[in-house]
Amino acid sequence: MKTLIVVIHPNFAASVVNKSWVKALENQPELYDIHQLHQVYADGKIDVLAEQQMMEKYDKIVFQFPFYWFNCPPFFKQWLDEVLTYGWAYGKNSGYKLEGKKIALAISAGIDEQEYGETGKYKYSMDQLTSPFEITFDYVKADYQKPFVFYGVEKKSSTAWVEEGVTRYLRFLEQL
C-alpha cells in the first residue's frame, strides 16, 4: 500500500529541502501519494470531509513541513483543528478512524541538531518540541512514529547536503 505524504509548506516555490524531497517522491508514484495542502487549499478553506476520506484510505501518513519558530506551519495546526473532529477521529462512537495507522512527521530544521537539547542554545530537544504532535496522534489512537528530522539546513545548504537529506528521508520512509 502507498504512503500518503501531506506537504505543508507556505512557500514551497522557495523551498530547497522540501522541494527536493517531493521531487524524489514523485519519482516513485507506485510508493507515494503527495498531497500539497497549500496548493489544494490556496484559499485556506479545508474540505474536511475530503481530508477525512483521504486519511481513511492510507495505513501510513507522513506530514512533511519546515520547522520554524519551533513549531509547524500554521496551516498544519488549522488542519489538525478542523480535520481531527469529535465523532471521526475521537470520541464516543467515532470509530477512531486513524486508529492503528502509522503517522510520522518529516521535518526540515534550519538549526544544527546539537543546538537542541539541555546543553544546546535552544534548551529543548526535538522530541520535546514535537511532543504535542505525539500526544495528539496518541489521543486519536494512531501509531505515532518517531519523526524524521533533517537538521542544519540554514548552514549546510550545499547540493551534497540536500542530496544527503533526500537519501535519509527515503530510507526513513522505507522503514516506516
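Buried means under 20% relative accessible area, exposed means over 50%, and partly exposed is what falls in between (1.4 Å probe, protein chains only). The model is predicted, so to speak of local features takes pLDDT of at least 70 and side-chain atom pairs count only at pLDDT 80 or more, while totals for chains, interfaces and linings use all residues. Residues are numbered from 1 along each chain as its sequence is written, and side-chain values use heavy atoms, with hydrogens and water left out.

View 1. A salt bridge here is a side-chain nitrogen of Lys or Arg within 4 Å of a carboxyl oxygen of Asp or Glu. Asp127 sits in helix 5 (residues 126–129) and Lys146 in the loop between strand 5 (143–144) and strand 6 (148–150), so the pair ties together parts 19 residues apart in sequence. Helices (H or I, at least four residues) and strands (E, at least two) are DSSP runs, numbered from the N terminus. Lys146 is exposed at 55% relative accessible area, and Asp127 is partly exposed at 40%.

**View 2. Lys2 pairs up with Asp33 in a salt bridge.** Their closest N and O atoms are 3.1 Å apart. Asp33 belongs to strand 2 (residues 32–36) and Lys2 to the segment before strand 1 (3–7), so this one ties together parts 31 residues apart in sequence. Both ends are partly exposed: Asp33 at 22%, Lys2 at 29%.

View 3. Glu164 is partly exposed at 30%, as is Arg168 at 32%.
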